[in-house]
Structures are given as structure tokens and as C-alpha cells.
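Subject: A structure for you to look at

Hello,

Here is the structure I promised to pass on. Please open it beside this email and follow along as you read.

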Amino acid sequence: MQNQKYDSLETQIKAVQDVNAQFETPAITDGVLDTNAKVKADAKFTEVKTGNTEIDKLLDKAISLGKSQLSSSTSSSSSQSSSSRQTESNSATESNASSSANASTSAGETASANNILNSGLASNGVNLQRSVSRVPYNQSAVSDSSNPAWTFADGVLERILETSRARGYITGNQYILEPVNIVNGNGYYNLYKPDGTYLFTLNCKTGYFVGNGSGHADDLDY
């Protein structure tokens, strides 16, 4: 029996070490997941089962976090590569291409912003807790919906939602995302539960987010 316990513990420790090795800094420390840990570019994840339910859940969350970051990184690289090829192929008609690209980018940003807001639930008829927002609600800024400040940087929203699901803040796409203000050229959004309960405010450019819970940062990133 003692040997079985030892073997089980050894398996759990090795599993955590193997997963942590896929990150630049340990993703799991003292039984807690560090959602700020950055995955290595060459990380490879395989399903791990130790027999300890709690440890397995923690490992699954760490693996999910790593895969999400890898997916976002791949998407960003693909987008940049595609943009580079398009620029080269249009170099002979630079003036016309530039004009066309600007119009396309503007339309793309607006469409992207609309898709982002539609990724969750509609706020119609929901009493949102704007009064406790870490960034004050600014109707003037919100009305400027075509402002590029509202466009999320690549992978930012996905990482924030993945972290929120891992921490149990939200389930699936059961959330409300609302633009609240523009500060220093960065768009700030609030994330709410379906019933309008405020969760936190996030910077769509940097990915920084902070709420009002005990132990959270006192300062915003501006």
C-alpha cells in the first residue's frame, strides 16, 4: 500500500513537471495554475492522467492554456505572412493597392468589432453593473464604434475567455462583452455574467484585465 501511494505521488509530480516544461515559467506551482505563464514556441502537449482527480483537472487546464496560446500564435503568424505576400504582389500598383487596403482594413475592423460583441450574449434587457466598472463608462467613446482602438489585438480575447473559463468565471459563451471607454488609444471592455454581474475590465490591445475582487491589482494599466 505504501509503495502504491509513493508510485502515485511520483506519477503526479512527473506529470506536473512534464507540463511545466512546456512553459517558459512553471504553469503549475503549489497546486495553483498561473494563467500568465507563457507557452514555449516548440511546446508539445499530450493528454495526462494521474488518477488524482484534482491534479488531472489542473493539468487539463494548464494544457488547455498552452494549446490556446499556441493556436493564437499560429493564427497571428499566418495573418502576418498573408499580409506580407499581399503587399509584395501589389507592389506594382502601390497607390491603388494602398487605397483599397485602407478601405478594406476599415471595413474589416468594424466587422471584427461586431463579431467580437456578437460572440457572447446580447445585453438587451439586462441590468449591467456599470457602476462598479474599473474604467468609467464613456458613452461618447462607445458611440465612436469605428475607432480602431476597439479592435482586439490578435489572440487577446481568446486568451482572456480561456482564462475566464478555466477559473470558472464563465461557461462556454455565456457572457456579455461591452465596450466602456477608450484611454490612451486603447479600447476597454467590461465582461459580465449573463445576469449582468460585473466580472472585470479588460484592455483589448494588451490583454490586461482586472476586477474588484479581494487581492486583485489596485492599479490599471494606464
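One definition before we start: strands are runs of at least two residues that DSSP marks E, numbered from the N terminus. Two of them pair if DSSP finds at least two bridges between them. Keep in mind that this is a predicted model.

**Confidence**

The mean pLDDT of the protein chain is 79. Of its residues, 74% reach 70 or more. Be careful with residues 89-112, where the pLDDT is below 50. Beyond near neighbours in sequence, that stretch has four contacts in the model.

As a reminder, strands of a sheet pair through backbone hydrogen bonds, either parallel or antiparallel.

**Strand 4 and its two partners**

Now look at strand 4, residues 186-192. Seven bridges join strand 4 to strand 3. Five bridges join strand 4 to strand 5.

Is strand 4 enclosed or open to the outside? Seven of its seven residues are buried, so the strand is largely enclosed by the rest of the structure. Asn186, Tyr188, Asn190 and Tyr192 point one way from strand 4. Gly187, Tyr189 and Leu191 point the other way.

**The turns**

Strand 3 and strand 4 form a hairpin with two residues between the strands. Asn184 sits in that loop and takes a positive phi near 55°. The residue is not a glycine. Asn184 has 67% relative accessibility, so it counts as exposed, the cut-off being over 50%.

Strand 4 and strand 5 form a hairpin too, with five residues between them. In that turn, Gly196 has a positive phi of about 95°.

Asp30 has a positive phi as well, near 55°. You will find Asp30 in the loop between strand 1 (28-29) and strand 2 (32-33). Its relative accessibility is 77%, so Asp30 counts as exposed.

**Aromatic rings**

How many aromatic pairs are there? The count comes to six. One of them is Phe152 with Tyr189, a tilted pair. The rings lie 4.8 Å apart, centre to centre, with 40° between the planes. Phe152 is in the loop between helix 4 (139-143) and helix 5, while Tyr189 is in strand 4, so the pair ties together parts that are 37 residues apart in sequence.

Both rings belong to buried residues. Phe152 has 10% relative accessibility, so it is under the 20% cut-off. Tyr189 has a relative accessible area of 1% and is buried. Ring pairs also bring in Trp150, which makes a cluster of Trp150, Phe152 and Tyr189.

Last, a charge over a ring. Arg130 lies over the face of Tyr137, at 4.1 Å from the ring centre.

Best wishes

Terms used. Residues numbered from 1 in each chain as written. Predicted model: local features only at pLDDT ≥ 70, side-chain atom pairs only at ≥ 80, totals over all residues. Heavy atoms only, no water. Helix = DSSP H or I, 4+ residues; strand = E, 2+ residues; numbered from the N terminus. Phe/Tyr/Trp six-rings, centres within 6.5 Å; stacked < 30°, edge-to-face > 60°. Buried < 20%, exposed > 50% of the residue type's maximum accessible area, 1.4 Å probe, protein only. Lys NZ or Arg CZ within 6 Å of the ring centre and 35° of its normal. pLDDT = per-residue confidence, 0-100. Contact = heavy atoms within 4.5 Å.
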